[in-house]
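Me: I have a new model open and want to go over it piece by piece. Start with how you label things, please.

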Amino acid sequence: MANGHTRMFIKQFITKTASTGAIVPSSDELAKRMVEFAAPGPNAVIAEYGPGTGVFTNRILESLQPGQKFFAVEVNEDFAAALKKRFPDLHIYTDCASNVSTYCLHEGVEKIDCIISGLPWAIFPEELQHKILRGMVDVMAEGGTFVTFAYLQGLVMPAGKRFKHNVKQYFSHVESSGVIWKNLPPAIIYRCRK
């Protein structure tokens, strides 16, 4: 199954480079650490941005507690279709994450407590970064948590520095994890609180 996910990711990376930022899916270790770092509380509303082939999605579903609500937003139609087959009970919306407020209405929720993101922030133009971050903050509960990751080599690149700077404009508290070496490429996790 993992080989099928990797093949699909490579195909999407080649054909849809503007929205697919990696050549292979994230590792299970990164997914595990992302969900642990997010630590959504009881009755939390959780959204996932950019689930791709579902590595984080699977971990979120495994850790979901009674009373928590979870939905995902994936812009790539091929990924979204595959996710709907793999997780038929999960609500997956095929759209840009900047439109998340529309899907909050569909879900019957006013605010999101936790957003876990696999979006390739560093490849997005700055305007799109701001559009998604603004939309996120607008629907996030006070004290809500946004968790995402960045590849180690990207931290020194202008796009990686720009994203870190932009995140600090929207969130009052931003912290990062140590390096997750069991990922290709190695990555760090950002945890941001509103």
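Reply: Helices (H or I, at least four residues) and strands (E, at least two) are DSSP runs, numbered from the N terminus. Residue numbers start from 1 along each chain as its sequence is written, and side-chain values use heavy atoms, with hydrogens and water left out. This is a predicted model, so local features need pLDDT of at least 70 and side-chain atom pairs count only at pLDDT 80 or more, while totals for chains, interfaces and linings use all residues.

Me: OK. How many helices and strands does the chain have?

Reply: There are seven helices and seven strands. Along the sequence the pattern reads α-α-β-α-β-α-β-α-β-α-β-α-β-β.

Me: How much of it counts as buried?

Reply: 49% of the 194 residues. Buried means under 20% relative accessible area, exposed means over 50%, and partly exposed is in between (1.4 Å probe, protein chains only).

Me: What's in the largest nonpolar core?

Reply: It has 31 residues, and those with the most contacts inside it are Tyr49, Phe71, Ile112, Trp121, Met136, Phe146 and Phe171. Such a core is a set of buried Ala, Val, Leu, Ile, Met, Phe, Trp, Tyr and Cys residues joined through side-chain atoms within 4.5 Å.

Me: Which elements supply at least two residues of this core?

Reply: Strands E1 (45-49), E2 (69-73), E4 (112-117), E5 (140-151) and E7 (187-193), plus helices H5 (100-107), H6 (126-139) and H7 (158-170). H6 gives the most, with five residues. There is also a second, separate core of 26 residues, which includes Leu90, Ile92, Tyr151 and Ala187.

Me: Back to Phe171. What is it in contact with?

Reply: Leaving out neighbours within four places in sequence, Phe171 is in contact with Leu133, Met136, Val137, Met140, Phe146, Cys192, Arg193 and Lys194. Contact means heavy atoms within 4.5 Å.

Me: What share of the chain's contacts join residues at least 24 apart?

Reply: 68%, among contacts between residues at least 6 apart in sequence.

Me: Pick something in H5. Is Val100 buried or exposed?

Reply: Val100, which lies in H5, is buried, at 0% relative accessibility. Beyond its neighbours within four places in sequence, Val100 has contacts with Tyr49, Phe71, Ile112, Gly135 and Val139.

Me: Where is Cys96?

Reply: In the loop between strand E3 (91-93) and H5. Cys96 touches Val73, Val75, Leu128 and Ile132, not counting residues up to four places away in sequence. Its C-alpha is separated by 8.7 Å from that of Tyr49, 47 residues away along the chain.

Me: Different topic. Which residues line the largest cavity?

Reply: Val35, Pro40, Ile46, Ile60, Ser63, Leu64, Gln68 and Ile116. A cavity here is a set of points, on a 1 Å grid over the protein atoms alone, where a 1.4 Å probe fits but cannot get out, and lining residues have an atom within 4 Å of a point. The lining divides into six nonpolar, two polar and no charged residues. Ala, Val, Leu, Ile, Met, Phe, Trp, Tyr, Cys and Pro count as nonpolar, Asp, Glu, Lys and Arg as charged, and the others, Gly among them, as polar.

Me: How much space lies in it?

Reply: About 30 Å³. The whole structure has one cavity of 30 Å³ or more. Grid points are joined across faces, edges and corners, and the volume is the space filled by probe spheres set on the points.

Me: Now backbone geometry. Which residues does a cis peptide bond join?

Reply: Leu184 and Pro185, with omega about -5 degrees. Pro185 is in the loop between strand E6 (173-176) and E7.

Me: What is phi of Ala39?

Reply: Near 45 degrees, a positive value in a residue other than glycine. Ala39 lies in the loop between helix H2 (28-38) and E1 and is exposed, with a relative accessible area of 52%.

Me: And phi of Asn43?

Reply: Positive, about 60 degrees, although Asn43 is not a glycine. Asn43 also has its place between H2 and E1, in the loop, and is exposed at 54%.

Key
On a 1 Å grid over the protein atoms alone, a cavity is a set of points where a 1.4 Å probe fits but cannot get out, and a pocket is an open set with protein on both sides within 12 Å along at least five of seven lines; lining residues have an atom within 4 Å of a point.
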